[in-house]
Amino acid sequence: MEKILLKNIDNPNSADINEYIKVGGYGSLSKALNMQPKEILEEVKKSGLRGRGGAGFPTGMKWSFAIADPTFPKYLLCNADEGEPGTFKDRPILEKNPHLLIEGMAISGYVLGSESGYVYLRGEYPYAKDVLNKAIKQAHEKNYLGDNILGKGIRFHLAVYQGAGAYICGEETALIESIEGRKGQPRNKPPFPVNAGAWGLPTIVNNVETLSNLPYIVEAGGEAYSKTGNKDSSGPKLFCVSGCVNNPGVFELPMGTSLRDIIYKHAGGIKDGKKLKAVIPGGLSAPVLPVDSIDCAMDFVSMSKAGSMLGSGAVIVMDESVCMVRVTHRAIKFFEHESCGKCVPCREGTEWLRKILERIENGNGREGDIELLSEVAGNISGKTFCPLGDGAAGVVMGMLKHFRNEFEEHVKERKCIFS
Amino acid sequence: MFNETVLKEIEDIRAKYPDRRSALLPSLYIAQREFGWLSHEAMQFVARTLNLPEAEVRGTASFYAMFRHKPVGRNLIQLCTNVSCMILGSEALLGFLNKRYGVEPGGTSGDGRFSLVIMECIGACGTAPAMLVNTDFYDNLTEQRIEEILEKYK
């Protein structure tokens, strides 16, 4: 498959604008500015592109809502807060192919009628910040950004906003609160950001990977793009594989590639001759899957049917030596730390879950603790403003569904059965 | 108060956003750079510069994990222990850091050389375990590799 997102990244100077232009970079922006915004919108709809941040909302539809709102100005925010544990797919774009994102944002700005864009970049990526700032400066100098892009009278400015270590800011309304200079606590919806987002104005929030598909869609057309992947989930997807595999890393593969192929064909199979036990297929918030589910296709619909989610495409692979109670405990510790505190079920529930898991792992589990875990998870799920609480609950429920015996043995043996 | 150069830097940031409040997070980063951590005084300066209530500045600053509310050592180690790093042994590295350098999570070594913070995923899962030292990034960590890396940070 021709690489769209990771094209040219093996070139050590791939982040430089001249190297990007050499391989055809910014040609799509030039083409786009000779088209009508609505023509491009049609191509995006035809492409079937769905958001790559986790939720999978159809990009063309999100854009239509924002375009239909006559309010001006509009803002385009790029979600580069890649904080879902296990996820490192946007990083190669940000660090090695920043002009692909900038070109994608300039095209999107033109379609949406937005003159200002911001990249909300997580604080943990200081190197990406330097790369992006340099790339934005270069794009200004070459007239791909600014007040009169390519002499066409089109205006689009771009700046980087650095987050400061809060996972919740990857949720779009929390991201908006944060860029406004506040605590990153999610807002109630509606109103949706497309009508009243940043500074009360129509705001489109798209993930790094989503926006980076735009140059190709403009270049080749929506139909050509939709030929990759399958009917409900089109295009290429970045899968990032970590954990107990021989060849971890980021792979650009068609949507719908099977989990088995990702693990065995691309990530080199399980390390040290051990046996595969479990896979978290879409970032830490995605419920765990057991070995017998790995023939499933990695796309939005199939993953949901398998009882998990595609999420960010972050595949965490665990072999037979990994303790599921310990993984669950570490995961919940994360959610407890990152709960923004707005909703009681999430704020208190994640702490309860962590305490129960801690005592089970430490050999102090009590009779009834496993039922209590289910009950607490059930009291978080669906009862919070944003999906963080659901994610925490889903982790516990998924683990209990597939690996309940490990929890029971910990309680019965009064110790971690893996230590 | 901040010097003229810093005030100019904050002013330039303000100009990029429709509302001055957006300059709060960048200004807190600048204050942290200037003072090493966000002391009460540093946050007062930010509040005055942006004309925001001090309580709002403190409330916002305390929400974000990367703002520091106590002095740190000369070098800040930020080690990830989230699931992908944990599976590949990052928790044992915590023990090593304590034994070799006398530094515990949230604390500073007696000689003031290192402070240690546990991170929630720094996006290096494919080359785990990983850490940041100040703003430098290191991965595929082992005890030996950490020892070699930290030699550079005095």
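Two strands pair if DSSP finds at least two bridges between them. The views below come from a predicted model.

**View 1. Leu79(B) faces Met131(B) across a strand pair.** Met131(B) belongs to β3(B). The pair joins β1 of chain B, residues 75-80, to β3 of chain B, residues 131-133. The two strands run antiparallel. Three bridges link them.

**View 2. An open sheet of four strands in chain B.** The strand order is β2-β1-β3-β4. Pairing within the sheet is mixed. β2 (114-119) and β4 (136-138) of chain B are the edge strands. Each of these edge strands pairs on one side only. On average, neighbouring strands are turned by 20° against each other, direction ignored.

**View 3. Helix α6 of chain B packs on the sheet.** The helix spans residues 90-101. α6 touches β1 and β2 of chain B. The direction of α6 makes about 155° with that of β1(B).

**View 4. The contact between chains A and B.** Chain A gives 44 residues to the contact, and chain B gives 33 residues. On the side of chain A that touches chain B, the elements giving two or more residues include the helices α7 (126-141), α8 (172-179) and α14 (324-338) of chain A. The strands β4 (154-162), β6 (236-243), β7 (249-254) and β10 (314-319) of chain A also give two or more residues each. α14(A) gives the most to this side, with six residues.

**View 5. Residue classes on the side of chain A that touches chain B.** This side has 23 nonpolar residues. Another 13 are polar, and eight are charged.

Technical notes: Residues are numbered from 1 along each chain as its sequence is written. Chains are lettered from A and ligands numbered from 1 in the order in which they are written. This is a predicted model: local features need pLDDT of at least 70, side-chain atom pairs count only at pLDDT 80 or more; totals for chains, interfaces and linings use all residues. Two residues are in contact if their C-beta atoms, placed from the backbone, lie within 7 Å. Ala, Val, Leu, Ile, Met, Phe, Trp, Tyr, Cys and Pro count as nonpolar, Asp, Glu, Lys and Arg as charged, and the others, Gly among them, as polar. Axes are lines fitted to C-alpha atoms, for helices over the stretch in contact, and angles run from 0 to 180 degrees between N-to-C directions.
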